[in-house]
Structures are given as C-alpha cells and as structure tokens.
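Thank you for making time for this at the group meeting. Please have a look at the sequence and the structure, and then I will talk you through them.

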Amino acid sequence: MISKNDLEYIRDDYSDIDKQYKKIEQEIWGLEETPIVKKYIGLQKKKTELEIKRKNLHGLMEHGEYENCNHLWSISMDEYGEYDCFCVKCGLNYKSLRLTNRGKENSLSFDERVMASVLKEQSFVNDADINIVCDRELAMAIYKKIREYYPDIDDKTVIKYFEIALNDIRNIEVSDERKKSRAKRLGLSKDFNKWK
Ligand SMILES: [Zn+2]
C-alpha cells in the first residue's frame with residue numbers, strides 16, 4: 001500500500017515529469033509547423049499508403065504466379081514431423097493450408113496466407129511427381145540448377161535428373177568443407193545441413 005507520505009512524493013514527481021512532457025509536446029507542435037517537418041510528415045503518410053498498395057499488389061502477383069505455375073510436386077517433412085507436399089518450381093506448399101484448416105491462420109506470414117488462398121481454390125494433390133522426401137529449400141535449389149543447365153528439357157527428364165542429383169548428394173560421402181562449397185553452389189546458406 002502507498003502511504004499518504006509516499007503519495008505526496010509521487011504527486012511531486014508526476015507534476016515534474018508532466019511539465020517536462022508538456023514542454024516537449026509544445027516544441028514538437030512548433031516543429032510540425034516548419035516547412036521541412038511538414039514535408040517529412042506528408043512524405044511518411046504517402047509512404048505508408050504506398051506500402052499498403054505495394055503489399056497488396058505483391059500478394060496478387062504471387063497469387064497469379066502460383067496459379068500459372070505448371071507445378072512439379074515433391075514431398076518434405078516439416079518441423080512438426082508432418083509430410084508436406086510442395087512445388088519445386090514455385091515453392092507453393094500445403095503447410096499453409098493445413099495450418100489454416102486447423103484455425104492457426106494467425107501464425108501464417110503474409111506469403112503463406114497467399115499460398116493458402118491459392119490452395120483453397122485447387123483440388124488436393126494426392127500424388128507427388130517426385131517421390132522422395134527432401135528438404136524444400138534443397139529441392140528447389142536442385143531444380144533451379146537443373147533448369148539453369150538444361151532450360152529446354154521436359155518435366156519428366158527434370159525428375160530423372162533430380163533423382164540422380166539427390167541420390168549422389170545422399171550416397172557419396174564428402175567432407176564438411178565440400179558440403180559447404182556445395183551449399184554455396186546451390187545458393188543455400190553455408191551452414192545448410194538438411195542433405196538427408
Ligand atoms: Zn509451382
């Protein structure tokens with residue numbers, strides 16, 4: 001409990017701080033009338049408006065890109081030990097929809113919400129094109145490399161090359177140094193360790 005005596009001290013402190021606060025408030029109001037600060041405030045407001053528009057358009061663009069991708073489905077296991085179907089080309093994956101269906105939409109990022117909305121409109125994928133469980137980042141990196149070397153091959157051939165590349169990665173033991181340089185070549189972070 002605060003004693004009457006303490007209350008007096010608190011009141012004094014409050015009135016001190018309150019005076020300082022109001023003084024600074026006055027100064028800020030004064031500054032807001034100067035042309036340069038007026039300009040700054042105006043620009044900030046515009047920036048916020050543009051940010052919202054930009055984000056929405058980016059979401060629409062992604063939505064369209066996911067819808068227009070001729071998906072190539074593969075399987076990964078997420079951090080909860082659940083299988084996840086994902087596209088090695090565009091990264092679209094079912095985790096977002098699964099979490100949405102479980103009422104965990106709030107935990108999704110903006111991009112994941114876009115994915116969930118695309119998937120809601122599509123029929124569920126039962127069979128993956130590539131039937132090997134592989135980290136999503138790694139699979140997308142391997143796909144990208146194959147496409148870099150062979151831009152014109154069809155998806156069936158891509159799958160064949162993908163399986164060969166992944167088998168080599170998994171079956172041929174290499175030093176940690178080689179693993180680091182392999183991660184770099186694939187555009188993965190240098191401490192990437194989800195090869196198996
Ligand atoms: Zn795709």
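Predicted model: local features only at pLDDT ≥ 70, side-chain atom pairs only at ≥ 80, totals over all residues.

The protein chain has seven helices and two strands, where helices (H or I, at least four residues) and strands (E, at least two) are DSSP runs numbered from the N terminus. Read from the N terminus on, the elements follow the order α-α-β-β-α-α-α-α-α. The radius of gyration, taken over C-alpha atoms, is 27 Å, well over the 16 Å that the globule rule (2.2 Å times the number of residues to the power 0.38) gives for 196 residues, so the protein chain is more spread out than a compact globule.

Residues are numbered from 1 along each chain as its sequence is written.

Along its principal axes, the C-alpha trace spans about 80 × 40 × 40 Å. The protein chain is divided into domain 1 (4-65) and domain 2 (135-196), with bounds that come from an automatic or database domain assignment, and the centres of these domains, taken over C-alpha atoms, are separated by 48 Å.

Now, where is E33 found? E33 sits in the loop between α1 (4-32) and α2 (35-68), and it counts as exposed because 8 other C-beta atoms lie within 10 Å, the cut-offs being 12 or fewer for exposed, 20 or more for buried and partly exposed in between, with C-beta atoms placed from the backbone. The C-alpha atoms of E33 and Y66, which are 33 residues apart along the chain, are separated by 48 Å.
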